[in-house]
Amino acid sequence: MPLPPILQHLRLPVIGAPMFLLSGPELVIAQCTSGIVGSFPALNARPESMLDEWLDHITGALADWNQRHPDRPAAPFAVNQIVHRSNTRLDHDVALCVKYKVPLMITSLGARPEVYDAAHSYGAIVLHDVINLAFARKAIDKGADGLIAVAAGAGGHAGTTSPFALIQEIRGFFDGPLVLSGAIATGGAILAAQAMGADLAYIGSAMIATREARADEAYKKMVVDGSSADIVYTDVITGVHGNYLKPSLRAAGLDPERLPSAAPERMDFGPGKKRAWKDIWGAGQGIGAIDRIVPAADLIDRLACEYASAKRRLAQ
């Protein structure tokens, strides 16, 4: 099945993953004007009234870019909605996406037909992130247009399945839009994702070390200095398994080799809540490819050069 038109004319087949607390308008605009889909979690806009301001700013900035650069129009942007029942502002945030006709929505932690219906009411596309085949089938059955396969090695709340296996199994029943997440930080890895059967790559951790990301400078430096050996997979931080930087665990007084066995009893994604472990930082296993803090445009330029080079090598 061909990709929806909105995803067919990107400079690179890439979505900048929405990063909790780190993705804001500055990064989204830089990503879109550099030719990839930019995204952010709706919950990053706090208080909830700020989401209206962010969407107004992003849509205005991208419209201005398109007017000034008709030969290089901006890529579309996406808003990530956490649809877990504890997100008490979901209806508010979805209504604002409808108001601004956000081109893409990314849903996480649950499949909600009413969210898909709201997006479809004005022609938006909805991608749902999944870590296994069961969740993938459920999301498509409930109305998602496409899937984001969050495989082993991805930053944040990652799965444990090999990207080879996960893509293979999803393609066994679904031929629609499919995005792969998991340790993708080079242009060659983007091409490899496509070779496996994905349509696009989902890149988050590499974006942490950009000027526009809303990460502490120490966080960015930790990503630059780190490698796959510096990542630990645990559910102790939020109650859901995810990948985190070992040095940040040590700085918080935890031993990455001897983490507690008991996870928190429940997650709470509600607005205005204090977050335990706010200085424990997530990242994926692909950070070994990140060696400096740069503007997002420079990172995307580098990925584009590597992607073109990888394609040439295969053609030889």
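This is a predicted model: local features need pLDDT of at least 70, side-chain atom pairs count only at pLDDT 80 or more; totals for chains, interfaces and linings use all residues.
I started with Asp 175, and its relative accessible area of 47% makes it partly exposed. My cut-offs for that word: buried is under 20% relative accessible area, exposed is over 50%, and partly exposed is in between, using a 1.4 Å probe and protein chains only. I then placed Asp 175 in the loop between α6 (163-171) and β7 (178-181). The labels come from DSSP runs numbered from the N terminus, where helices are H or I of at least four residues and strands are E of at least two. I also checked Asp 175 against Gly 146: they sit 29 residues apart in sequence, and their C-alpha atoms are 9.0 Å apart in space.

Residues are numbered from 1 along each chain as its sequence is written, and side-chain values use heavy atoms, with hydrogens and water left out.

**Whole chain**

I counted up the elements and got eleven helices and ten strands. The radius of gyration comes to 18 Å, close to the 20 Å that the globule rule gives for 316 residues, so the chain is as compact as a globular protein of that length. For the record, that radius is taken over C-alpha atoms, and the rule is 2.2 Å times the number of residues to the power 0.38. The C-alpha trace spans about 55 × 50 × 40 Å along its principal axes. I also looked up burial, and 53% of the 316 residues are buried. Then I took contacts (heavy atoms within 4.5 Å) between residues at least 6 apart in sequence: 64% of them join residues at least 24 apart.

**Helix pair α2 and α3**

Two packed helices are described by the angle between their axes and the distance between the axes. For α2 (residues 50-68) and α3 (residues 90-100), I found axes that come within 10 Å and cross at roughly 25 degrees. The axes are lines fitted to C-alpha atoms, for helices over the stretch in contact, with angles from 0 to 180 degrees between N-to-C directions. That angle makes α2 roughly parallel to α3; the classes are under 35 degrees for roughly parallel, over 145 for roughly antiparallel, 65 to 115 for roughly perpendicular, and oblique for the rest. α2 passes α3 in a right-handed crossing. Right-handed here says that the near helix is turned clockwise from the far one by less than a right angle, and left-handed that it is turned anticlockwise.

Who makes the contact? From α2 I noted Leu 51, Asp 52, Leu 55, Asp 56 and Thr 59, and from α3 Asp 93, Leu 96, Cys 97, Lys 99 and Tyr 100. These divide into five nonpolar, one polar and four charged.

I zoomed in on Leu 51, which lies in α2. Leu 51 is buried at a relative accessible area of 0%. Beyond its neighbours within four places in sequence, Leu 51 touches Phe 40, Ala 42, Ala 45, Arg 89, Asp 93 and Leu 96.

**Helix pair α7 and α11**

Next I took α7 (residues 187-196) and α11 (residues 296-315), which pack at about 55 degrees with axes 7 Å apart. They are therefore oblique to each other. This crossing, too, is right-handed. On the α7 side I listed Gly 187, Gly 188, Ile 190, Leu 191 and Gln 194; on the α11 side, Leu 303, Glu 306, Tyr 307, Ala 310, Lys 311 and Leu 314.

Ser 34 is buried at 9%. Its contacts, leaving out neighbours within four places in sequence, are Arg 11, Ala 297 and Ile 300.

Most residues other than glycine have a negative phi, and most peptide bonds are trans. I logged these exceptions.

- The Arg 46 to Pro 47 peptide bond is cis, with omega near 0 degrees, and Pro 47 is in the loop between β2 and α2.
- Leu 21 has a positive phi of about 70 degrees; I found it in the loop between β1 (14-16) and α1, partly exposed at 43%.
- Leu 109 has phi near 60 degrees, also positive; its loop runs between β4 (104-108) and α4 (113-120), and at 32% Leu 109 is partly exposed.

Definitions and conventions
Ala, Val, Leu, Ile, Met, Phe, Trp, Tyr, Cys and Pro count as nonpolar, Asp, Glu, Lys and Arg as charged, and the others, Gly among them, as polar.
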